[in-house]
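Please look over the sequence and the structure shown here. The paragraphs after it go through the main features in turn.

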Amino acid sequence: MNSELLLQIAKRLAAAGRIAILPHSNVDGDALGASLALALGLTSIGKKVDVLLEEPVPRSLDFLHDGGLIR
């Protein structure tokens, strides 16, 4: 990814009031963990964030604390 694209992404995130994160279907630990980490980082800078899943969190991933971010 080039620096100009990263700068554009950063500007859009900075301007956004609410952000939706959409991991892939049949979510696995990598996708859910990365989504939650990104969501927590964004909330720490004052963004309102939702992690949107198509299905319930698999039981095997119940240990991941979502902090109320998963919808």
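**A walk through the chain**

S35 is located in helix α2. The model is a predicted one. Is S35 buried or exposed? Its relative accessible area is 7%, so S35 counts as buried, the cut-off for buried being under 20%. Leaving aside residues up to four places away in sequence, S35 touches I21, P23 and V51.

Helix α1 covers residues 3-15, strand β1 covers residues 18-21, helix α2 covers residues 29-44, and strand β2 covers residues 48-51.

How are the two strands arranged? Strands β1 and β2 run parallel and are joined by 4 bridges. Within this pairing, I19 has V49 in β2 as its bridge partner.

Is N26 buried or exposed? N26 counts as exposed because its relative accessibility is 66%, and the cut-off for exposed is over 50%. N26 and L5 are 21 residues apart along the chain, and their C-alpha atoms are separated by 29 Å.

L5 also belongs to a group on the surface. Together with M1, L6, I9 and L13, L5 forms a nonpolar patch there, and the accessible area of these residues together is about 460 Å². M1 lies in the segment before α1. With a relative accessible area of 75%, M1 is exposed.

Some totals describe the chain as a whole. Of the 71 residues in the protein chain, 25% are buried. The accessible surface of the chain comes to about 5,000 Å², and carbon and sulfur atoms account for 58% of that surface. Taken along the principal axes, the C-alpha atoms fill a box of roughly 40 × 25 × 20 Å. Among contacts between residues at least 6 apart in sequence, 62% join residues at least 24 apart.

Definitions and conventions
Residues are numbered from 1 along each chain as its sequence is written. This is a predicted model: local features need pLDDT of at least 70, side-chain atom pairs count only at pLDDT 80 or more; totals for chains, interfaces and linings use all residues. Side-chain values use heavy atoms; hydrogens and water are left out. Two strands pair if DSSP finds at least two bridges between them. A crossover is right-handed if, with the strands pointing away from the viewer, the path from the first strand over the helix to the second runs clockwise. Patches are made of residues with over 30% relative accessible area and no salt bridge: like charges are joined within 9 Å, nonpolar side chains (Val, Leu, Ile, Met, Phe, Trp, Tyr) within 5 Å. Accessible areas come from the Shrake-Rupley method with a 1.4 Å probe; for residues, only the protein chains shown count as cover. A salt bridge is a side-chain nitrogen of Lys or Arg within 4 Å of a carboxyl oxygen of Asp or Glu. Buried means under 20% relative accessible area, exposed over 50%, partly exposed in between (1.4 Å probe, protein chains only). Contact means heavy atoms within 4.5 Å.
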